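Subject: Structure handover

Hi,

Here is the structure I promised to pass on. Have a look at it first, and then read my notes below.

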Amino acid sequence: MVSCVWICAIIYWIAIEERIRLLASCGMDCALCQAYQRNKNRCPGCRNGSNRKSCINCAINLCTKKQHYCFECAEYPCARLKRLDARYKKKYGMSMLENLCCIQQSGEQEFVHHQQEKYRCPVCGKLRSVHSEECIYCS
């Protein structure tokens with residue numbers, strides 16, 4: 001007989017693996033994006049076949065000098081990534097470069113766990129969007 005602890009561990013592992021697939025090459029956690037969180041015309045994430053214009057035309061996403069993440073490139077951090085990082089730091093208080101550093105140093109699972117805690121809504125427990133101060137689920 002399989003214990004409840006093992007079932008919970010398997011469910012948690014599957015959820016983490018699904019979240020890892022939502023990590024964009026630039027360091028964005030697509031699970032925190034408004035386009036991913038909304039119900040209508042939901043974006044599947046940058047690396048999951050998104051048909052959003054911003055993802056299709058994204059030079060960072062299209063770059064072939066990396067396998068998965070920008071830190072794998074010899075030109076890391078490139079000017080495009082630095083501009084994206086500066087824009088996100090100014091507008092949303094999030095750094096793509098810090099995210100990539102965390103992924104590189106601690107691994108994808110630890111990064112996802114950190115993001116889960118950092119962006120969890122204190123009211124409903126769901127993930128807040130990095131693009132909004134308010135939770136789209138309970139506000």
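**What I found**

By buried I mean under 20% relative accessible area, while exposed is over 50% and partly exposed is in between (1.4 Å probe, protein chains only). Before I go on, please note that this is a predicted model, where local features need pLDDT of at least 70 and side-chain atom pairs count only at pLDDT 80 or more, whereas totals for chains, interfaces and linings use all residues. Residues are numbered from 1 along each chain as its sequence is written, and side-chain values use heavy atoms, with hydrogens and water left out.

Back to Asp85: its side chain meets that of Lys89 in a salt bridge (3.4 Å, N to O). A salt bridge here is a side-chain nitrogen of Lys or Arg within 4 Å of a carboxyl oxygen of Asp or Glu. Both residues lie in helix H5, four residues apart, about one turn of the helix.

The structure holds four salt bridges. Another of them joins the side chains of Glu75 and Lys65 (2.7 Å, N to O). Both partners lie in the loop between helix H4 (59–62) and helix H5 (79–92), so this pair ties together parts that are 10 residues apart in sequence. Glu75 is partly exposed at 46% relative accessibility, and Lys65 is partly exposed at 47%. There is also one between Arg120 and Glu117, with the closest N and O atoms 3.0 Å apart.

As for the overall fold, the protein has seven helices and zero strands. Helices (H or I, at least four residues) and strands (E, at least two) are DSSP runs, numbered from the N terminus. Of the 139 residues, 35% count as buried. Among contacts (heavy atoms within 4.5 Å) between residues at least 6 apart in sequence, 49% join residues at least 24 apart.

Now for the inside. The largest nonpolar core has 31 residues, and those touching the most other members are Cys26, Met28, Leu81, Tyr88, Met94, Met96 and Val130. Helix H1 (4–20), helix H2 (34–37), H5, helix H6 (96–106) and helix H7 (108–118) each supply at least two residues of this core. Such a core is a set of buried Ala, Val, Leu, Ile, Met, Phe, Trp, Tyr and Cys residues joined through side-chain atoms within 4.5 Å. Leaving aside residues up to four places away in sequence, Val130 touches Met28, Leu32, Tyr88, Tyr92, Met94 and Tyr119.

Tyr69 and Phe71 are stacked, 5.4 Å centre to centre with 15° between the planes. The ring centres of Tyr88 and Tyr92 are 4.8 Å apart and their planes are at 55°, so that pair is tilted. For reference, rings of Phe, Tyr and Trp (its six-membered ring) pair if their centres lie within 6.5 Å; planes under 30 degrees apart count as stacked, over 60 as edge-to-face and the rest as tilted.

Finally, the charged end of Arg42 sits over the ring of Tyr36, 4.0 Å from its centre. That label requires NZ of Lys or CZ of Arg within 6 Å of the ring centre and within 35 degrees of the ring normal. Arg47 lies over the face of Tyr69, at 5.0 Å from the ring centre.

Cheers
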